[in-house]
Amino acid sequence: MWFLLSSIVTKIVGFLLGFSEGPILMDFSDPSGPRLQAKDFKVGISAACSGIDSLQLFISIFAFLFFLDWKILNKKRMAILFIPGLIGTFFYNNVRIYVLMLVALYIDRTFAINTFHTNAGWVFFLIFFFIFCNLFITYFDQRIFLFLG
């Protein structure tokens with residue numbers, strides 16, 4: 001599953017980079033993951049970059065919130081909200097990889113690969129989940145979010 005997600009991420013980020021960085025090279029022949037190159041910076045889009053971990057984390061937290069107070073929640077609304085949550089999680093992962101490429105091209109490659117790549121995933125997830133919860137809080141039982149502050 002991760003290779004399919006990595007391939008989609010590669011195509012989307014390649015498309016976005018094509019607007020800002022000119023010609024982009026994409027290679028899908030390597031079984032360890034697709035390759036993406038902008039200018040002279042080339043990266044592999046592996047399982048860690050595919051977004052599968054973020055999707056699993058979103059599903060886990062969403063399920064936890066659902067089962068935390070499932071007796072009083074509107075299950076139909078929760079099911080409907082699950083879809084934009086998955087789409088949003090996949091979307092922000094593409095933005096994360098796009099920003100990673102820009103950081104590597106314009107700031108520092110070592111920082112991009114070591115620091116940014118290592119920490120951006122959880123930072124983007126927290127920002128996304130906070131926004132997601134606040135946008136859709138009227139559809140949820142507000143008691144679930146008391147622990148969020």
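**Before you start**

This is a predicted model, in which local features need pLDDT of at least 70 and side-chain atom pairs count only at pLDDT 80 or more, while totals for chains, interfaces and linings use all residues. Residues are numbered from 1 along each chain as its sequence is written, and side-chain values use heavy atoms, with hydrogens and water left out.

**Stop 1: the whole chain**

The chain has four helices and three strands. Here helices (H or I, at least four residues) and strands (E, at least two) are DSSP runs, numbered from the N terminus. Read from the N terminus on, the order is α-β-β-β-α-α-α. The C-alpha atoms fill a box of roughly 55 × 30 × 25 Å, taken along the principal axes.

Of the 149 residues, 40% count as buried. Buried means under 20% relative accessible area, exposed means over 50%, and partly exposed is in between (1.4 Å probe, protein chains only). A contact means heavy atoms within 4.5 Å. Among contacts with a separation of 6 or more, 67% are between residues 24 or more positions apart.

**Stop 2: α1 and α3**

Select residues 2–21 for helix α1 and residues 75–106 for helix α3. At what angle do α1 and α3 pack? The angle is about 50 degrees, and the axes are 9 Å apart. Axes are lines fitted to C-alpha atoms, for helices over the stretch in contact, and angles run from 0 to 180 degrees between N-to-C directions. α1 and α3 are therefore oblique to each other. Angles under 35 degrees count as roughly parallel, over 145 as roughly antiparallel, 65 to 115 as roughly perpendicular, and the rest as oblique.

The crossing of α1 and α3 is right-handed. A crossing is right-handed if the near helix is turned clockwise from the far one by less than a right angle, and left-handed if anticlockwise. Now show side chains: the residues that meet include Leu5, Ile8, Val9 and Ile12 in α1, and Phe90, Asn93, Asn94 and Ile97 in α3. By class, this contact of α1 with α3 has 14 nonpolar, three polar and one charged residues. Ala, Val, Leu, Ile, Met, Phe, Trp, Tyr, Cys and Pro count as nonpolar, Asp, Glu, Lys and Arg as charged, and the others, Gly among them, as polar.

**Stop 3: α2 and α3**

Among the residues in the contact are Phe58, Phe62 and Phe66 of α2, and Gly85, Thr89 and Phe90 of α3. The contact of α2 with α3 divides into eleven nonpolar, three polar and one charged residues.

**Stop 4: Thr89**

Zoom in on Thr89 in α3. Is Thr89 buried or exposed? Its relative accessibility is 0%, so Thr89 counts as buried. A polar atom of its side chain lies 2.7 Å from the backbone oxygen of Gly85. Leaving out residues up to four places away in sequence, Thr89 touches Ser54, Leu55, Phe58 and Phe128.

**Stop 5: α3 and α4**

The contact of α3 with α4 has 18 nonpolar, five polar and two charged residues.

**Stop 6**

Select Ser50, in the loop between β3 and α2. Ser50 is buried, with a relative accessible area of 0%. Its side chain reaches the backbone oxygen of Ala47 at 2.8 Å. Apart from neighbours within four places in sequence, Ser50 is in contact with Trp2, Leu5, Ser6, Val9, Phe90 and Asn93.

Next select Leu4, in α1. Leu4 is exposed, with a relative accessible area of 52%. The C-alpha atoms of Leu4 and Ser50 are separated by 8.3 Å, although the two are 46 residues apart along the chain.

**Stop 7: Lys39**

Finish at Lys39, in the loop between β2 (35–38) and β3 (41–44). Lys39 is partly exposed, at 47% relative accessible area. Its phi is near 55 degrees, a positive value in a residue other than glycine. Most residues other than glycine have a negative phi.

Technical notes:
A polar contact is a pair of N or O atoms within 3.5 Å; within protein, one must be able to donate a hydrogen and the other to accept it, and residues adjacent in sequence count only if both atoms are side-chain atoms.
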